[in-house]
Each structure stands twice: as C-alpha cells, then as structure tokens.
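This report looks at salt bridges. The structure comes first, and the text then takes up a few pairs in turn.

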Amino acid sequence: MVQDATPPSTLRKRATGATSDSRPSTPARTANRDAIDPATFYGTGTSNALGSSHTGYVAPEVFPFREPELVQDTVPTDPNQYNPPPTWGTESLADWSKEWGPVSTTYDDWGVPGTIRKISIDGRSEDEETHILHDPNHALYSVSPDPPPSVADIPPAHLPTQDEVRTAVPHPNAYFCREDNGWVFLQWRSSSVLPPLVDPAASLPNQARRKRTQSCVGDGEQPFGQANVTHHWHQYPKAVDATRLNPPYARSDLLLDLYLCCQCSTYCLVSDIIPGAIPAHLLNALVEDKLTNPAIDKTPRATVVAALETIQSIVSNRIWRDEQRVLPIMGARFKTKLGWDPAIEQIFKELGFRAEKTPKEGKPGELLLQPPGIDPATPEGVANRTKLLRAWTELSAWLVIYQKNKEGLADYSSIVLTVKADGARDMYQEGIGAHVSQISRGNLPDQLVGYAPLDAAWRLLGMTPSTYTWELLAFAYLAQCRCDPENTMTYFAQLMTIVNAMVNLGIAVPTELQALVMEERERSRFTPEDYALAACRLGFGAELGVDLDADVDDEFIAAAWRSARRRAWQSTGDATTKRAELNDALRIVAETRGSLALIKVWTEEKGSGMSPETAYSTLDVPRDVDESMLLTVFSMRIEDSPSQAERMREALGVIAEVTNSERLRQFLTTGTDPGDGTVTNSSPEMPRGLNQLGNTCYLNSLLQYFYTIKDLRDAIASLAGTGAKSLDEKKFTDDDLKRHRVGGRLVTRREILRSKKFVHLLAELFWNLEYCDTASVTPEIELAKLALVTSQDEEEDAIDAEMDLDKAGTDSSNDTDATLPEQGAQSPTGSVLGKRSRETDGEETMEVDTPAQSPKATGGSSPRGGSGGSEAAMFIEEAIASTSSTSLDKRPAQATSDGDVEMKEENQSSSAGKAPPLPPRKTRPTDDSVMMFGRQHDVSECMDNCMFQIETALLDFQGMATSDDDKTSPVKRLFYGKKRQRLIADDSRHQSSIHEKEDLFSHLHVNVADEGFDLYDGLARYFDDVVEVNGQKKRMEVTLVDLPPLLQIQLQRVQFNRDTQQAYKSQAYVKFGETIYMDRFLDSASPEKKARSKALQAELTAARDRVQRLTQGQLAPFSPALTNAANFLASQTALELTKDDALVASLRAEEVLISEELRVLRERLAILKQELEDIWRDETSAGYELTSVFIHRGSSPSWGHYFFYSRHLPESPEKWFKYNDSDVSAVAKEEVLADTTGSTANPYMLVFVRKGCDAIDTVHRFNPDLLVEGE
C-alpha cells in the first residue's frame, strides 16, 4: 500500500517541508505525545506537524490490522550515520546480490513535489498502468555480460578488461528493460540505517519505531501488533543521491526516489529510466520498420533479429577483435540484413560510426561506415570503448530477451550470445511484499472489473483493484488515515465510493466491510459531499451571499450557525432534527478547517437538542417573561437544585437563542447580568457601527461613509429638528419648482417631501452615531426603505395602482405638469460593480459645435437615457455613456467672441402643456432580492438615490434659481467636478469632425478586467479611449476642468463573458497607494507632456494587450501548450502516429520565440511605465490622499458582503478603521493597501480627499470629558 500518485486538491502535499495550502487557519498544535480522540481525527494541527513522522497506532480489537491513532513523536534520527558496504571493485559479479537487491517501478511523475506514487504490483491491467512510468508488463532483467569465447584465440590489441566488462552494466542494482532499451535502478533492503539523503532534515517516519521491526509483512505478531497484509510505503521524490551510495553510481548525477515503509525497516530506492547507448525511439523505429517490411526469406521477427544481430556483430568485432576496416554500406550483405535509412544512420552515429564517401578515380565514391577509435590511451578512445561496451551488452540482452519467445522465429539460426539476462520480477516483487504468493489476485467481483468510476478511489487508497480483498481494502483505508490523518475525509469518501458501487451494482458487501463503515460513521467520519451539505445548511452560498472559503473567518461561521439555529425554531417541521443537523454541520466545518475555535463553540453551545417548549418548562416560566424576571427565576432554580445547574443553563441558552438576546448570552458567558443595554463602548475614540436590517451591509457602508464627511454631516444635522410637516407646500409654486434642477432634471413635490423625510431620519441616525454609548446603532426601517427604493420606483408603483384600480386621481394629482417626473430621469452615477442602468423611455437632443442651431429640451433625462437626434448625441449615448455626470448639454450652444462654445439652458417648449398619455406598462418581474424593502437596486443606485434626496432636501426654494453646476449645494460642492469630453474622428483636420461637451462628474471609472495594472493605468484608459459611433471608430479624450474636494473612483468589476453569455466579477488586483496626483489628467496640463505621455501610454497598452493575449487570452497560455504538444508528439507511444520530427522542431522553435517575446515585452513594459511616471514626477499640484476604501467580498457580482475602511482624519492619518456593519475595529494601514490577489474581497470604490482640504472628520464623537474640562 502506498499513498496516491495524484491526490486531489484537498490532499495535503507530502513533499519535504510542504505545508497544507487548503487549511490556512489551522492553529498550531502543542507539543505532546498524548493520543488524540478519534472524534477529532481529521487533524486540528499544523500541516507540517502531521504525517508519517508523527503517527503511531494501537493494536486492533476486531479486524486483523491496526487501528489508526494520531500521536506526537520525535524528530527522526540523523540519516548521515549511514555506514556503506564495501566499495565497488572488491566484489565479483556473483557477489552483487549479497548486499543489494532490486525494488520496484514508479509513476511517470517522478520528481513532482507533493505526490505519492504506487509501487508496481503484478496483476494490473493496462488501464491501471496508464500513468506508470515503467509498466510492470515491461519485465526487468538482471544482465551478466561475459567476453566472447573466441577472444582467447585471437587476442586483440585493445581487449576490454574484466572491470570494463563488469561496468558495462550501469550499477550492480541496475536492471534492464527491453521495451525501453534502458535500465532501472532498483534496490530494496531491511536496514536500520538509512541511505544518504539529499536533505538530511527531511521529515521521515519515526525511525525508532521502524528499527524495532525488520519486516512488518508475514505471519504472527510484531512488536506493535499483528503483522500487516503488506507494506505501507511513504515516497520521497529525488531524496537519495546515487553517487553517494556504495558502490556509487558513477556515470552521472542520479537522484533516486526513496520509499520507506512506516511500520518496519524495509526501504526501496528507485530511479527513472536510465537511457541505453542507443536511444529507445531509434531502436523502436528500426524494429517497427523490420516488422512492417520483413525480408523475403524471413519472418518479421526473424528480420528484426537479423538486423539487430548485424549491429551487434559490428559493435562486437570493433571492441573484441579490434576491427578497424570500413564497412561498405551498400554491400549486398549489409543491405540484405540491415539496410540503410535515417534511423539506422542515426543509430550508428550515436555509437560513434561515421558514414563517409570515399572517391575512386574521379567517380562519386562508395558510402562507407568508418568505425570509431577505441584507443584506451586517449580520452576519446576511452569514451568510445565505454559506449560500445554498453551498446554490445544492451543489444545482446535485447536479443536474448526477444528470442525467449520462439514464436515467429521459424528455423532462424541465431548467433551465439555471451550475455545472460535473467528475469527479476519474482525476486523484487517478493522483496517488497507484492508477490502473488503474498497478495492474492482475482478476488475482485466481476462487475467491478474495469469499472472506471472507481479508478480514482483505488488510486487514492493506494491499491489496485486486481489485488482487492476486503482485508486489503480495510488495511489500505486505515493505513492512509493513520499516516495522513488530515485527509481522513477524503479517504473515507473513497471507501464509501467503493462500498456504494458494490451496493448499486448488486454485489454483496462483506459483513466485515459493512462493520468498518458503520464504526467509522459512529466516529463521525464524513465525506466531501457531507461537507458541501454542511456549508449549505449553514447558509453559505446564495442564502448568505458568501461562499465558504478560506477568506471567511471563524467568527462569521459561528454567527451563521447561531443564526441558522435560531431560525430553525421558527421553521415548519421538526425543529429539533434541524438543529441536530446544524450541529453536525458546524462540527464537520470545524474539523475540515482544523479550527479549535469552532470546535470550542460547537462543544460549548451545541446543547442536547432541547426544544424551546422544554426550555421554558424546565425553568417553569411563561414565554412572555421579561429578561430581568427570567434571570431572577434562573438564579432561584440554581439555588434550589444545584444538581440541575447544567440543564438549567442549557435551557437558558436555548431561550437566549430563540429570543436572540445579547443580554442572556453575556450572562451565560460572564455570570453577571449586564443590564438592559448591551455592553457599551464608551471610548470616544471609536466610531459606532450600524446593525443590519436585512441584507443591507452595503447601505450601512454608505451611511457610515457619509457620516465621516464633515460638511455633509453638518448640513444634514441642521435638519435634525425638521420633518415633512414643517414644509409648507404653498410656499413654492410651479414656477419655483421649474427653477431648480437636481440630477439634470426637475423634481416633484412628492420627491421634495420624501427627501425631507429621508434627511430628517438620517440626521437622527447621525445624532445617535455621535452621542450613543452602545457599540452600534440600528437605523430606522423607514430610513433604509427611503435609501434603497427610489422615488421613480414609487411613482411607477403609484401609476400601476392607478391603472389597476381605474381611479381618476392619486396623490400625484398635486403635481403640475411642470413637476411630473420626467421620463428617463436616472441617478447620476453608474453601478459600482459595473451594472448597466435601467432602460428609459425619454429622449435627449444636444448640439454643441453647431451654433447655428438651437435644439429644444425634451425633458430632464440624464445622459444615460434615451437616444439623441444628432451624431454628437449618439456620441453621448453610445460612446461616452457618462454614468457619473449630470449633463450640461441641455443648453443651446452659442459661439462666444473667441470661438469657444458656451452652454446655456433653454426654456421648455410651450407645447409641453400637458403630459402625454402613458404607454401600456409591462408587468414588473419579481426578484429574489426584494426582501423587506420592496424593489432594491445595486450599491451605486443606492448612493445616487441618497445623494439625490440629500440635495433635494437642501434646496432653497426662496433663493435664486439653481442649475446643475451650482456649487451652493453641499453635494455639488463636495462630490462634483467638471470634465471636458472630446470625440475626435480619424480626419481631425476639420473642426466639424471634433465634438466637444462639458459634464459634471461625481465618479471616475476604472474598468477592472485584467491583472497587472495600477490606478494610474486604469484612469489613463478612461481619459483616452477608442469608441465606436455609428459603426466608425473614434477617439474619445476626457480632461478634468475642475476637481472636487472628494474624488470618488469606481472600480468596475462586473465583466461579461461572451463565451458563456454570463456576467462575472473580476477579482483582478488594482494597485493603489495613499496618494494620487491628477495633474496629468487636467485640461490645463502641458500639451507637450500630454503628447509624450499619450504615445507612451499607447505603446504600454499595446504591449500589455499582447502579453494578455499570449498568456490569458482564448486558448492561452501558448508557450506551455506548444511545449506540451511537442513533448507529446516526441515521446508518445499510445497512438500509432507517423513521427514528424520537423513538426516537433517547429513547435519547440515557436515556443522559444513566444517565450523570448514575452521576456522582451515584460522588460519593455517596466521601462515604459517608468518613463511615463518620470514625465509627471514633478506635477504634484492636484494631489489627493486616500480616505475611504469600499470592499466587496464574494465571487458573484449578484451577491456578497460589503464593508469599508476609513482613514482616521484629521487626528491620526496613519490609522484606519474597518466598518463591518455593527463591528468597527482599528486596523493597520497594510491591511487596507494589501495585495488582494487570490482573494474574493476586493476594493470596488476608492475615495480620495484633496490635499489641504479638511472635508473629512472620521470619528466625530461626543466626549463628555472634554465638556467637563471646558467648563
């Protein structure tokens, strides 16, 4: 039994020093030797403290194999104490087998870290050996060469010595494989001394324990219990240096795989195939050619033998007879027996023979084969002698093995060979405990023979189906669990897969195997499917909006479990059963994650399944009892019946869960009644959190962000004492309403009243955030509703109700024609995660560069709605798609004296005296996200809605008319800047080909699709891009005319996969720092620097696009694909394909070209980026400092968790706060700026404050201590 060759991602890598990459939060194990309870056997310690070097087991009670039990053991002894046997050269050929013995073959992934591979065991089918490097069907042979007998009669001048003959075999423990025309180093032995390790500090099975048993396979009892069915091997790739063995492998560097049985002192050393003198592919090509094209007078097999005998004879004559004469290649005998083709030519070239033409009397000359020199006095001669002796040995062994099967050779008379080749399979299989006499074959039920669905299960359990018995299967499972307890879940899943397959196929499962499964289930074993079900039961996935991955902390999981347990009491059905399932779910998750914290929560809070009815009856209180009385009764019951204290505490815990009482939980934890309020956070240094009202974490982040903005907070606080009733509707007329615009449109009376109410509730919330003593504040439900549901939604609902009830008048009858909501009005910002706005019915026209025309305003729709009547309008609609601006283009363009374009607002058409009839409305589809607040929108729409209502509520209807660019509004003054947009056609020589407009903006957008760029790169694409307008590509340039105090940059992470037709969230990391300078994007920036920067940016973008196409595009990456294709075509033997060396060479050359191109591109990218930054290095007048970072955690763009970071300004700019709903904590700056690669928690909006601007006051808490000092 061995560990599996291809473990799944859940299996811990077992290479030396490797740690688990699947359990990042596993706590460290304390050092002790105490056995661990099987209930927590899935491993709760660090990965590098687990495994074979830290395991032991106890004797079984039922089964004839050992039961696993994890203990802590000591570090293995120093392997450098190795005492080698006598050196090579003092022993004869017959003595080779006394101290050394062969091992086994292994997988073709030798040397890959973290893999465990099988020992080859006889009886496997071809399918079982698909991934084996050396197929056991390729038998290994012990080769013994002897000089030809005729040598004594004709002594050559350079006769090989006895040592040269002996060393023609690479090593005493090298065994020949005819199919691979190579050698395999195999050695096994039982020894208490380890071979010399490459890494002496390698973590090995406990050596003291191994030394106590010479072999754990056999009959009877061993020092640690009954003998095993077979060995349990632990494989360490490339762990032993063959050149340090005695005798050493002296031909080249060779690293051997080490196999150690964890239960005895037996170990094995195994090598890769050591190539022969003639490459296997050349020899196979010759053999295939002769089999396909046999000689006329010979069978195909006899033709093969004749050809190879010819080569063997040529080599033999050169080394044994010192034959120096050239061979005529076109001679009749040579052509008949061997022939001449590129493969044969290459074979002789590999052996040192040269094919040359010797001219004769002016004629072309005959093609002759020139033998190599073998003078032992020259280095070249020594090398040639060594190679020829190896080739002679291998060819002789090949022929001996090939002719063991006489079929097809007919009456062919072979030459006499003096090399012996004896089969070694029985010897090494018996040595490693895998012989058919040790492990029986043929016990697998017929239905499971070749049953592909079980291939992975057999492999992961370290056994083969051909060796199946229920005893061996049980041994394999328990041995894997014993030596790799961290992955017991995976091994149990494989055991269950095999047992379930037997059941499904109607096979009688052995009673002993059924008993093993039952016992393991009673010990709380579970499978990956059980883990997935556990995560689902805890709510992870669509219900919580968060996947259960490594980013989810233990506290979140515990909270989800408690919440699910509380909901179980209100659900229909058997609540007790559901709570028991939830308890099992938490245990499974805790053990899988290796979390001691979750195990503690589960142990302390799981209870015994007491129902709420039982809990209330246990304490003898009614359901409507108040908490103070409940605690009094609880104390009385404890005093009266101390022996029932635990049951009373469990009852109180159940009531705390059912009522969701923080007071009761704290009492159970501390033993002290905290009072009616929750634990207070009286420190004025800490901001207050916001409790969730549902799935509203993104609203909480937004409201907490607004509170940190000083001017906005002060403006809202001024309305704390006012409400909707304080507004006298008669104080403003229709003309008043027409003079004020918000978000590019007029507002209605209903919207004004609604906004006043929203701001009033927001002011109350801000007051609580400033003065409350509790750690968190709960917003009013009405505030959340007003923030999450737009006025447009309410208008649509009212219209729907009117049409459904067929009533003549509604609340909207108070609105005049001028105040009716304009069709297409939308929020001025786009989706934070990149969602598109809803379609609108309005129209919008604009003229900016043709002063002769004066368009009519047809409504107040934002630039995102409707369609325009001119090419410039199409530019706005299709190209700019301004999702963050209130357009200024609703004013007729008039040319000024200097030729610039001046925007002026035009009055509405007089024909708009009556609103047109509404078209039939489609039924609005329902959505799962409706929840308690009706229709909800994404984060950006929520922000737009809040900002719209704040600006509307702060309108001064007694003052002068306001326009979109009016900066008297705190919202406009804080968040809005002005940008200039130009659309330039290819032919930019004429002014008519350039369209220009100015917009207000509140956000800048960075499209997050690719890895490897920073914030400046993303903004550069926003400010200079190519767009398509009416089927033509045009360049869109954006510059900043006026910058706001608060610069909000949205990272648009929602992307669209055209292949799957699905939206997905990009998790790409965008690098940003604490400071950003916007000088390079200003309209007033140096034209010369802009031109240089633009050229560099274009080259930078092109280079990045090229790198992306080569490494991440469709069908990419190309470099490894070409390499894999070339390697496959060069080495594959499974398919009968005509080998095309030119194609292989072409693929390898193309891979080299692509790798070189990528190297050059990456070097060029670094240079271009540096040159670009150098241009603007001294431009620092428009500097901004990072103040807020909004985070979305989740893999889906449709749901997830939101929180944000806020800088502690102005007091401590080096400190940051993390606002996670009700929890507010201080965090390090490094957490905010961390590289999020590989995480699902990524920034989706960044907020910067202008340097020197005091717009942010993060904490703003009332401090009574300061008030006392002031008095």
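## Salt bridges in the model

A salt bridge is counted when a side-chain nitrogen of Lys or Arg lies within 4 Å of a carboxyl oxygen of Asp or Glu. The model is predicted, and it holds 46 salt bridges.

## A pair between two helices

Glutamate 951 and lysine 972 form a salt bridge through their side chains, with an N to O distance of 2.5 Å. Glutamate 951 belongs to helix 29 (residues 939–953) and lysine 972 to helix 30 (residues 970–975), so this pair ties together parts that are 21 residues apart in sequence. Both glutamate 951 and lysine 972 are buried.

Another salt bridge joins the side chains of arginine 587 and glutamate 591, at 3.6 Å from N to O. Helix 16 (residues 575–593) contains both residues, and they sit four residues apart, about one turn of the helix.

## A pair between distant parts

Arginine 980 and aspartate 1083 also form a salt bridge, and their closest N and O atoms are 2.5 Å apart. Arginine 980 is in strand 21 (residues 977–984), while aspartate 1083 is in the loop between strand 31 (1075–1077) and helix 32 (1087–1111); the pair links distant parts of the chain, 103 residues apart.

Arginine 980 counts as buried at 15% relative accessibility, whereas aspartate 1083 is partly exposed at 26%.

## A network

Salt bridges also link Asp1014, Asp1017, Arg1080, Arg1104, Lys1169 and Glu1173 in a network.

Conventions:
Residues numbered from 1 in each chain as written. Predicted model: local features only at pLDDT ≥ 70, side-chain atom pairs only at ≥ 80, totals over all residues. Heavy atoms only, no water. Buried < 20%, exposed > 50% of the residue type's maximum accessible area, 1.4 Å probe, protein only.
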